[in-house]
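Hello,

Here is the structure I promised to pass on to you. Please open it alongside this email, and my notes follow below.

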Amino acid sequence: MAIDLNFDNITLAVFTMNGRLIKLKRLRAPLRRILTQKVRIERIQKRYPRSWRFIKGVKRAIEKHGERIRNISWDYAHKVGDLIANLAIRYCSLVVLENLDKLRDNAKKGRRFNKKLALCFYRKIQFSINYEAKERGLIVFKVNPRGTSFRCPTCGSRLLENGYRTLKCSKCGFIEDRDVAATINLFKTSSRSSHLNTQDVGSPGSP
Ligand SMILES: [Zn+2]
């Protein structure tokens, strides 16, 4: 099972050992609810541009919205972790996650969110998936996701934008939803590296 994390959705795909996609699921992230809280924080900060840090009541109001963001994120992360671990058990699958480097890159790209907010969100989800999976004795495997979002899974050429959320390979004609293409690449990378790098299996490192 390969899992692609984005700020607005999580795409999970289950593959057979020889790479056939047998289950695809997309989970919407609580983007709007988090955004609402963030807008409220910014509104308060704008109203008290210099003093928000020093006025007790204002600072407390900001902290309250920050806490709501954390609660929404944790709540979602727990649900996702639980759901993914249960699916992995049902399909007897290994869980493949991206390591955090890509998450750092992705965070840079998110214009509506600051980097820190996106990273915190990703970390919570990864932590939760890792935790729930290991609790059930599943193997979690983290792969370097470099190129997973733009390389063609069939021929390795660069994928180009092809309308809403889809990418197309200019060389072989492969067309796929961009998140699904990313999961195919994650699966392929993991099945390549699991032959070479078996010591990584079972020690995914800190979330
Ligand atoms: Zn191609």
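β2 and β3 form a hairpin with 5 residues between them, and G19 in the turn has a positive phi of about 95°. Strands here are DSSP E runs of at least two residues, helices are H or I runs of at least four, and both are numbered from the N terminus. β2 covers residues 9–15 and β3 residues 21–28, and they pair in the antiparallel sense over 7 bridges; two strands count as paired if DSSP finds at least two bridges between them. Within this pair, N9 stands opposite R28 in β3.

Please keep in mind that this is a predicted model, where local features need pLDDT of at least 70 and side-chain atom pairs count only at pLDDT 80 or more, while totals for chains, interfaces and linings use all residues. Residues are numbered from 1 along each chain as its sequence is written.

Further along, 3 strands make an open, antiparallel sheet in the order β6-β7-β8. β6 (159–161) and β8 (175–177) are at the edges with a single partner strand each, so one side of each has no neighbour in the sheet. β7 (residues 166–169) pairs with β8 over 3 bridges, and T166 stands opposite D177 in β8.

Lastly, have a look at helix α4 (residues 115–135). Its buried residues (20 or more other C-beta atoms within 10 Å of their own, with C-beta atoms placed from the backbone) include L117, F121, I125 and I129. Just after α4, G137 takes a positive phi of about 75°.

Enjoy exploring!

Conventions: Expected span 1.5 Å × (residues − 1). Buried ≥ 20, exposed ≤ 12 C-beta atoms within 10 Å, placed from the backbone.
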